[in-house]
Amino acid sequence: MNDSRPSAPPSRAGNEKLSIIVPTYNEEGSVAELCDRLLATLDGLAAPFEIILVNDGSKDGTLAAMRAEAARRREIKVIALKRNSGQTAALMCGIDHSSGDIIISAQSLNDATGFVTSIRAYVRALTTYPSRSGAPAAEALLGWLLKKPERFAREDALALAGLATLKLR
């Protein structure tokens, strides 16, 4: 008998490796704070992780700050692009170098607080299964800011779309 129904996806136990990808450009002063916040959140999860910081050709001390953070923790990887290639290219470079089962990306360091506080919700949504179907609650997530803060720059608008997705292998 030929059953044409798709088979259920493999079960995820919630211990998939997370890859956090953060592109940066001239954000020297934000790197240490973001890494501290990310590490505090990720250390509290029961999952292996890596943080991939992609320097998109910064002209300030961003790359040095990133390397200092990577020297502090083995989970932090640094990728340095030779020139400013743009946000999309930096994100794709981070994805190409990731080893996680779940990828969570920030658009920049400007939204560190919102991005970091969303990680637990992203992971929960991507690893929770409804009891009957066996299908994941979500295959991909996209989030953005719904309320505009008083001081809101154009660059901040680009920083607000945090993306989490399953890495397809």
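Predicted model: local features only at pLDDT ≥ 70, side-chain atom pairs only at ≥ 80, totals over all residues.
The average pLDDT over the chain is 75, and 63% of the residues score at least 70. Two stretches call for care. Over residues 1-13 the pLDDT stays under 50, and the model has 11 contacts beyond four places in sequence for them. Residues 148-169 also stay under 50, and there the model has 57 such contacts.

Now the layout, which you can follow on the screen. The chain holds 5 helices and 6 strands. Read from the N terminus, the order is β-α-β-α-β-α-β-α-β-α-β. Of the 169 residues, 40% count as buried.

So what sits inside? In soluble globular proteins, nonpolar side chains tend to be buried together. Here the largest nonpolar core has 26 residues, and the members that touch the most others are Ile-20, Leu-38, Leu-42, Ile-51, Phe-115 and Ile-119. Two or more residues come from each of β1 (18-24), α1 (31-43), β2 (49-56), α2 (62-72), β4 (102-105) and α4 (112-127). Apart from this core lies another one, of 9 residues, including Ile-21, Ile-79, Leu-81 and Ala-90.

Which residues does Ile-119 contact, once its neighbours within four places in sequence are left aside? They are Ile-20, Leu-38, Thr-41, Leu-42, Leu-45 and Ile-104.

Let's turn to helix α2. Its buried residues are Thr-62, Ala-65, Met-66 and Glu-69. They cover an arc of only 100 degrees around the axis, so they lie on the same side of α2. What do the buried residues of α2 pack against? Their partners are β1, α1, β2 and β3. On the face turned away from the buried side you'll find the exposed residues Ala-64, Arg-67 and Ala-71.

Glu-69 forms a salt bridge with Arg-72, with the closest N and O atoms 2.5 Å apart. Both residues lie in helix α2, 3 residues apart, or about one turn of the helix.

The side chains of Asp-36 and Arg-72 meet in a salt bridge at 2.8 Å, N to O. Asp-36 lies in helix α1 and Arg-72 in helix α2, so this pair ties together parts that are 36 residues apart in sequence. Asp-36 counts as partly exposed, at 42% relative accessibility, and Arg-72 is partly exposed too, at 45%.

How many salt bridges does a search of the whole structure find? The total is 7. Since Glu-50 lies in strand β2 and Lys-17 in the segment before β1, the pair ties together parts that are 33 residues apart in sequence. Is Glu-50 buried or exposed? Glu-50 is buried, with a relative accessible area of 2%. Lys-17, at 25% relative accessibility, counts as partly exposed. There is also a network here: salt bridges that share partners join Lys-17, Glu-50 and Lys-77.

One last stop, and it takes us back to Glu-50. Glu-75 is found in the loop between α2 and β3 (76-81). With a relative accessibility of 13%, Glu-75 counts as buried. Not counting residues up to four places away in sequence, Glu-75 touches Phe-49, Glu-50 and Ile-51. The side chain of Glu-75 also makes a polar contact with the side chain of Arg-73, at 2.9 Å.

Technical notes: Residues numbered from 1 in each chain as written. Heavy atoms only, no water. Core = buried A, V, L, I, M, F, W, Y, C linked by side-chain atoms within 4.5 Å. Buried < 20%, exposed > 50% of the residue type's maximum accessible area, 1.4 Å probe, protein only. Helix = DSSP H or I, 4+ residues; strand = E, 2+ residues; numbered from the N terminus. Contact = heavy atoms within 4.5 Å. Polar contact = N/O pair within 3.5 Å; in protein donor to acceptor, adjacent residues only side chain to side chain. Arc of directions from axis to C-beta. Salt bridge = Lys/Arg side-chain N within 4 Å of Asp/Glu carboxyl O. pLDDT = per-residue confidence, 0-100.
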